[in-house]
Amino acid sequence: MTERNISTDSPEKHAAGIAASRMVESGMVVGLGTGSTVAYTIKELGRRVREEGLEILGVVTSYQSEMLAIEAGIPLANLAQHPELDIAIDGADQIDSKLYAIKGGGAAHTREKIVSASARRFLVVADESKTSTQLDKSVPIEVLPFAKTLVIKKIKELGGKPELRLALKKDGPVITDNGNFVLDVDFGLINDPVGLALQLSSIPGVVEHGIFSNVDELYIGKKDGSVEIVRK
């Protein structure tokens, strides 16, 4: 399977993804995130399943992570079967010093948030370029197509600058796995991630936004192959 952002693969991502995979033990039900860094985690868990007899079940967050998990040989389950997960591992587009994160570059943040909130422990894997003192990256917001105009109006009232995410290899907007649109919204420097998250969640037609406040641990891959672990 061709990965969405394979051109950005790096030793730093490899180190972070592998380090987080070591937190998974036999008997666990594991949330499997989306993106190039967590792809290393999925592949390593698959290797452990095949070569070490690791017994786990994976709950995926997207079509991409589902295909990677199947290729890796990880048995899959869903939240209906296992509503509480032992651990979830995912990437981030940006994460600040207080472990608030922005996710959704792969348009999978709604399912990623549901899976991470279902886990007892949520780990994020990233390279150093994704870390920041404060969040300032555009916030992905999944919206119902019917509500696009209203949501854009309300976001502008909050001071945001929304852009409809367009597909690269088809005409028209990106369509999520849930059948919705994605707005990428520039809020500049985000001084109050929790407050902004609450405001966005209150807008009718917003399915989910990409501000995550439930990260328990961050695994930062370094250029020398080492990994820094930050815990909340």
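Guide: Let's start with D90, which counts as buried because its relative accessibility is 3% (buried means under 20% relative accessible area, exposed over 50%, and partly exposed in between, with a 1.4 Å probe and protein chains only). Before we go on, this is a predicted model: local features need pLDDT of at least 70, side-chain atom pairs count only at pLDDT 80 or more, and totals for chains, interfaces and linings use all residues. Residues are numbered from 1 along each chain as its sequence is written, and side-chain values use heavy atoms, with hydrogens and water left out.

D90 has a charged partner: K103 forms a salt bridge with D90, and their closest N and O atoms are 3.2 Å apart (a salt bridge is a side-chain nitrogen of Lys or Arg within 4 Å of a carboxyl oxygen of Asp or Glu). This pair links distant parts of the chain, 13 residues apart: D90 is in strand β3 (residues 87-90), and K103 is in the loop between β5 and α4 (109-117). Helices (H or I, at least four residues) and strands (E, at least two) are DSSP runs, numbered from the N terminus.

K103 is buried too, because its relative accessible area is 2%. K103 also forms a salt bridge with E112, again with the closest N and O atoms 3.2 Å apart. E112 counts as buried because its relative accessibility is 5%.

Elsewhere, salt bridges that share partners join E44, R47, R48, E51 and E52 into one network. One of its links is the salt bridge between E52 and R47, where the closest N and O atoms are 2.9 Å apart. Here the setting is partly exposed: E52 has a relative accessible area of 49%, and R47 has 24%. The count of salt bridges comes to 14.

Now for the strands. In general, strands of a sheet pair through backbone hydrogen bonds, either parallel or antiparallel. In this model, β4, β5 and β11 form an open sheet in the order β4-β5-β11, with antiparallel pairing. β4 (94-95) and β11 (211-212) stand at the edges with a single partner strand each, so one side of each has no neighbour in the sheet. β4 pairs with β5 (residues 101-102) over two bridges (two strands pair if DSSP finds at least two bridges between them). I95 has A101 in β5 as its bridge partner.

V30 stands opposite G58 in β2. From β1 (residues 29-32), V29 and G31 point one way and V30 and L32 the other way, and all are buried.

V60 lies in β2 (residues 57-60) and counts as partly exposed because its relative accessibility is 22%. Beyond residues up to four places away in sequence, V60 touches L32, S65, E66, A69, L76 and V115 (contact means heavy atoms within 4.5 Å).

How confident is the predictor? The chain has a mean pLDDT of 95, and 96% of its residues reach 70 or more (pLDDT is the predictor's confidence in each residue, from 0 to 100). Over residues 1-7, though, pLDDT stays under 50.
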